Amino acid sequence: MSRGKTLLLGLSGFVLILALAFYNGTEKIEQDLKLRGETALAENKLQWVSLEIDGRNLHLRGEAPSNKMADQALHLLEALEGVNRVIDEFTMLTGKDATTTLPVDAAAWSSSIKER
């Protein structure tokens, strides 16, 4: 076999292995982050938080009983190893069935997204 054919065959194999690793790895990373995130929330009695994973980004949803509890959930999940961004999509429980869609933190959007 010529050197060119050998290199082409090797490169094709490498690309195939890389594609399979990426395809299978993404799902496992998301599952791991979801499991660790939900466990941390449950241990801290924050069952009102709904956690959705998009790659290494976490979307937090739910009706926050207070600013303090919303901040607690944000900081707890920001501390998880492997998290890229934590996005606060909480609504604030302000009274009987009254909610707002604004971020619960006074610093608005900048404090609700964490980049590493």
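Some ground rules come at the start. Because the model is predicted, local features need pLDDT of at least 70 and side-chain atom pairs count only at pLDDT 80 or more, while totals for chains, interfaces and linings use all residues. Residues are numbered from 1 along each chain as its sequence is written, and side-chain values use heavy atoms, with hydrogens and water left out.

I begin with the overall fold. The protein chain has two helices and four strands, and their order along the sequence is α-β-β-α-β-β. Helices here are DSSP runs of H or I with at least four residues, strands are runs of E with at least two, and both are numbered from the N terminus. Of the 116 residues, 27% count as buried. Buried means under 20% relative accessible area, exposed means over 50%, and partly exposed lies in between, with a 1.4 Å probe and protein chains only.

I turn now to the interior. A nonpolar core is a set of buried Ala, Val, Leu, Ile, Met, Phe, Trp, Tyr and Cys residues joined through side-chain atoms within 4.5 Å. Which residues have the most contacts inside the largest nonpolar core? They are Leu58, Leu60, Leu77 and Phe90, in a core of 18 residues. At least two residues of this core come from each of α1 (3–43), β1 (50–54), β2 (57–64), α2 (67–78) and β3 (85–95). The largest share, four residues, is supplied by α2. In general, nonpolar side chains tend to be buried together in soluble globular proteins.

Let us look at Phe90, which counts as buried at 1% relative accessibility. Rings of Phe, Tyr and Trp (its six-membered ring) pair if their centres lie within 6.5 Å; planes under 30 degrees apart count as stacked, over 60 as edge-to-face and the rest as tilted. This rule gives one aromatic pair. The ring centres of Trp48 and Phe90 are 5.0 Å apart and their planes stand at 55°, so the pair is tilted. Trp48 lies in the loop between α1 and β1 and Phe90 in strand β3, so the pair ties together parts 42 residues apart in sequence.

Finally, I come to helix α2. Its buried residues are Ala70, Ala73, Leu74, Leu77 and Glu78.
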